[in-house]
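Student: I would like to learn how to read a structure like this one, feature by feature. Could you show it to me, so that we can begin with a single residue?

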Amino acid sequence: MRIEEYLGTLPKSIMTGDDVELQDDTLREIFEFASLGKDDVFYHLGCGRGRSLLIALEEFRVKRAVGIDNSKEKILSARGTLGNSFSNGVLKCEDVLESDIRDATVILFWFSDDAIIEKMTAKFSMLKKDCKIITIWGPLPGYLPDKVNFPYIMNKTPFKKANDLKEQIMAVFETDCIDFVTAWEFAERYSRAIASKNAENDRFLTILQTLIIWINAKNLGMACGDEIPLPVKSYMGILKTYFNIEIEHLLNQDTL
Ligand SMILES: C[S@@+](CC[C@H](N)C(=O)[O-])C[C@H]1O[C@@H](n2cnc3c(N)ncnc32)[C@H](O)[C@@H]1O
């Protein structure tokens, strides 16, 4: 089956990311990356069960931490996570598109819904100077990242426009051509950051992400060399033989 069909068989709550929560160690890495500190007003958009707020308040001693989620059940669970010990911890059951985020200095924004990302990027671009927006995997659409420790990406206001997708990818991968090893290394970093700590699943996720990174690079003319590298051919073969998943059709025929 084609990879799109395969993805269609996966639980919706996983594919939308609605039931994917970041692990505590990943949250700490993100807060280190953002240099989160005592003068910060931290917002987590799509905060889920509120672990990020607890860590931001308890360990990084932020001035204020605000969690926004449109799921009543998640906000209720987050209230339990925070308890009554933090007067500077705020939880709002709202749609991020409607929320007032003007006092934010650091925002964690991990969404994959293109419509939400586009509208929120416009909203972020109006925020005061030096507000840091942390995303995972890719920078905000159309803008160059200010700081990258893949898969963590920072855009800081006022945003800097990217000439095109190629310039954005070069800023994230810090190279003008992507080979198999680079694709694998970045895919592994992503799996390590968001994955379930189940080695088998993580390896499968890394194989898929590696091929997606390499195929996107090839389609954009940013893959090293003209040939399909042997490891890429092998993993495409492994996906087909052992998982009955086809991915070659994603390659633009004119780039081969
Ligand atoms: C990782 S976020 C991202 C989910 C989102 N579907 C996406 O990827 O674009 C998951 C959390 O965001 C919450 N969420 C999803 N859409 C939201 C919205 N429009 N406003 C506020 N919270 C939202 C979910 O309840 C969940 O706890």
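Student: Does arginine 61 count as buried or exposed, and at what relative accessibility?

Tutor: Before we look, please keep in mind that this is a predicted model, in which local features need pLDDT of at least 70 and side-chain atom pairs count only at pLDDT 80 or more, while totals for chains, interfaces and linings use all residues. Residues are numbered from 1 along each chain as its sequence is written, and side-chain values use heavy atoms, with hydrogens and water left out. Buried means under 20% relative accessible area, exposed means over 50%, and partly exposed lies in between, using a 1.4 Å probe and protein chains only. Arginine 61 has 58% relative accessibility and therefore counts as exposed. Its place is in the loop between helix 4 and strand 2, where helices (H or I, at least four residues) and strands (E, at least two) are DSSP runs numbered from the N terminus.

Student: What is the phi of arginine 61 near?

Tutor: Most residues other than glycine have a negative phi, and most peptide bonds are trans. Arginine 61 has a phi near 50°, a positive value in a residue other than glycine. Aspartate 130 also has a positive phi, of about 70°, although it is not a glycine. Aspartate 130 lies in the loop between helix 6 and strand 5, and with 39% relative accessibility it counts as partly exposed.

Student: Which residues does a cis peptide bond join, and what is omega there?

Tutor: Phenylalanine 150 and proline 151 are joined by a cis peptide bond with an omega of about 10°, and proline 151 sits in the loop between strand 7 (147–149) and strand 8 (152–156). The peptide bond from threonine 157 to proline 158 is cis as well, with omega near -10°, and proline 158 is found in the loop between strand 8 and strand 9 (160–161).

Student: How many residues of helix 4 are buried, and which parts do they pack against?

Tutor: Six of the eight residues of helix 4 (residues 51–58) are buried, so this helix is largely enclosed by the rest of the structure. The buried residues are Ser52, Leu53, Leu54, Ile55, Ala56 and Leu57, and they pack against helix 3 (24–33), strand 1 (41–45), strand 2, helix 5 and strand 3.

Student: In what sense do strand 2 and strand 3 pair?

Tutor: Two strands pair if DSSP finds at least two bridges between them. Strand 2 (residues 64–69) and strand 3 (residues 89–93) pair in the parallel sense over five bridges, with alanine 65 opposite glycine 89. Together with helix 5 (residues 72–82), these two strands make a right-handed β-α-β unit; a crossover is right-handed if, with the strands pointing away from the viewer, the path from the first strand over the helix to the second runs clockwise.

Student: Which strands pair with strand 5, and in what sense?

Tutor: Strand 4 (residues 106–109) pairs with strand 5 in the parallel sense over three bridges, and valine 106 stands opposite lysine 132. Strand 8 pairs with strand 5 in the antiparallel sense over five bridges, and here threonine 135 stands opposite isoleucine 153. Strand 4, helix 6 and strand 5 also make a right-handed β-α-β unit. Five of the five residues of strand 5 are buried, so the strand is largely enclosed by the rest of the structure. Both of its faces are covered, with Lys132, Ile134 and Ile136 on one side and Ile133 and Thr135 on the other.

Student: Where is lysine 128, and which residues does lysine 128 touch?

Tutor: Lysine 128 is in the loop between helix 6 (114–124) and strand 5 (132–136), and its 43% relative accessibility makes it partly exposed. Contact means heavy atoms within 4.5 Å. Not counting residues up to four places away in sequence, lysine 128 touches Arg102, Asp103, Ala104, Thr105 and Thr157.

Student: How is the protein chain divided into domains?

Tutor: Domain bounds come from an automatic or database domain assignment, and here they give domain 1 (12–163) and domain 2 (175–255). The C-alpha centres of the two domains lie 28 Å apart, and ten residues of domain 1 are in contact with eleven residues of domain 2.
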